[in-house]
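Biologist: I have a model open on my screen and would like to learn how to read it. Could you walk me through some of its features?

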Amino acid sequence: MAKQKRDAEATKAKILTSAIALFSKNGFDATTADDIAKESQVNKALIYYYFKNKAGLYETVMSSLFNSIYEEVIKAEKCCDSITSELHAFIETYANYAQKHPYFPALLLRELSDSGAHLPEMMFASMRRLFLLLSDILRRGEAEGVFKKSIPMVLHFMIIGSLNLLVTTQPLRKQAAQMDSEVDTCSECPMDEIAEYIFNTVKAALEVN
């Protein structure tokens, strides 16, 4: 029984890994159950057995990614001793996660370009949770007199949008740098430096003089 459970979990993990790669590369509509079965080297029937259908698999993929980044941000913020360090932790943690899991920003940008056409309703709740983490930091910063009044949604997209684009466009920026060495495309910039730059820029805009 224990071996069967381990085998089932291993099979589900293979399916999820392949689905993430294909969904981020081709999008939801262009990815078929046959593609996922071939990539993961499992019987297509197992996809329907474990996830009901392609939409169910996609929901599991997106839920696991959002829950993972949410938990990492929460964990990082618990180690902070000031509202400014919480802001830093939010930006740094998201940046590191996006770099380690480049399919996540790719999937997110695909969904945004499609106006969230394939996002299950529960995913909006997951996205909202991530936004509320930043919003709470900003509001508490205002209450403490550390930050100026801001528009949380705008800052959220400035931070998350910038990091998502920098991760997904890295191959293109490398190509551009090879074509014109005089243009600084930041193709070799370490992610920790990028995160630090974004943090310092946001901090400078928010801090009360």
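Predicted model: local features only at pLDDT ≥ 70, side-chain atom pairs only at ≥ 80, totals over all residues.

Biologist: Is Thr185 buried or exposed?

Modeller: Thr185 has a relative accessibility of 14%, so it counts as buried, the cut-off being under 20%.

Biologist: What is the phi of Cys186, and where is Cys186 placed?

Modeller: Cys186 is not a glycine, yet its phi is positive, at about 60°. Its place is in the loop between helix H9 (170-179) and helix H10 (191-206). With 23% relative accessibility, Cys186 counts as partly exposed. Lys52 is another residue other than glycine with a positive phi, near 75°. Lys52 is found in the loop between helix H3 (44-51) and helix H4 (54-77), and a relative accessible area of 71% makes Lys52 exposed.

Biologist: Now the aromatic rings. How is a pair of aromatic rings described?

Modeller: By two things: the distance of the centres and the angle of the planes. Counting ring centres within 6.5 Å of each other gives eight aromatic pairs here. In one of them, Tyr50 and Phe51 have ring centres 6.4 Å apart and planes at 65°, so this pair is edge-to-face. Tyr50 is partly exposed, at 24% relative accessible area, whereas Phe51 is buried, at 6%.

Biologist: And what kind of pair do Tyr94 and Phe104 form?

Modeller: Theirs is a tilted pair, with 6.1 Å from centre to centre and 55° between the planes. Tyr94 belongs to helix H5 (residues 83-100) and Phe104 to helix H6 (residues 103-113), so the pair ties together parts that are ten residues apart in sequence. Tyr94 is buried at 1% relative accessibility, and Phe104 is buried at 0%. Both are in one aromatic cluster made up of Phe66, Tyr94, Tyr97 and Phe104.

Biologist: Which charged residues lie over the rings of Phe28 and Tyr70?

Modeller: Over the ring of Phe28 sits the charged end of Lys54, 4.3 Å from the ring centre. Arg129 lies over the face of Tyr70, with 3.8 Å to the ring centre.

Biologist: What span should helix H8 have, and what are its end C-alpha atoms apart?

Modeller: Helix H8 (residues 152-168) has 17 residues and should span 24 Å at 1.5 Å a residue; its end C-alpha atoms are 24 Å apart, which agrees. Several residues in H8 are buried, including Leu155, Ile159, Leu163 and Val167.

Biologist: One last thing: which residues does the UniProt annotation "DNA-binding region" cover?

Modeller: In the unreviewed UniProt entry, that annotation covers residues 32-51. Over this stretch the chain is 80% helix and 0% strand, and the end C-alpha atoms are 14 Å apart.

Definitions and conventions: Residues numbered from 1 in each chain as written. Heavy atoms only, no water. UniProt positions renumbered as here; feature names shortened; annotations may be inferred. Helix = DSSP H or I, 4+ residues; strand = E, 2+ residues; numbered from the N terminus. Phe/Tyr/Trp six-rings, centres within 6.5 Å; stacked < 30°, edge-to-face > 60°. Buried < 20%, exposed > 50% of the residue type's maximum accessible area, 1.4 Å probe, protein only. Lys NZ or Arg CZ within 6 Å of the ring centre and 35° of its normal. Expected span 1.5 Å × (residues − 1).
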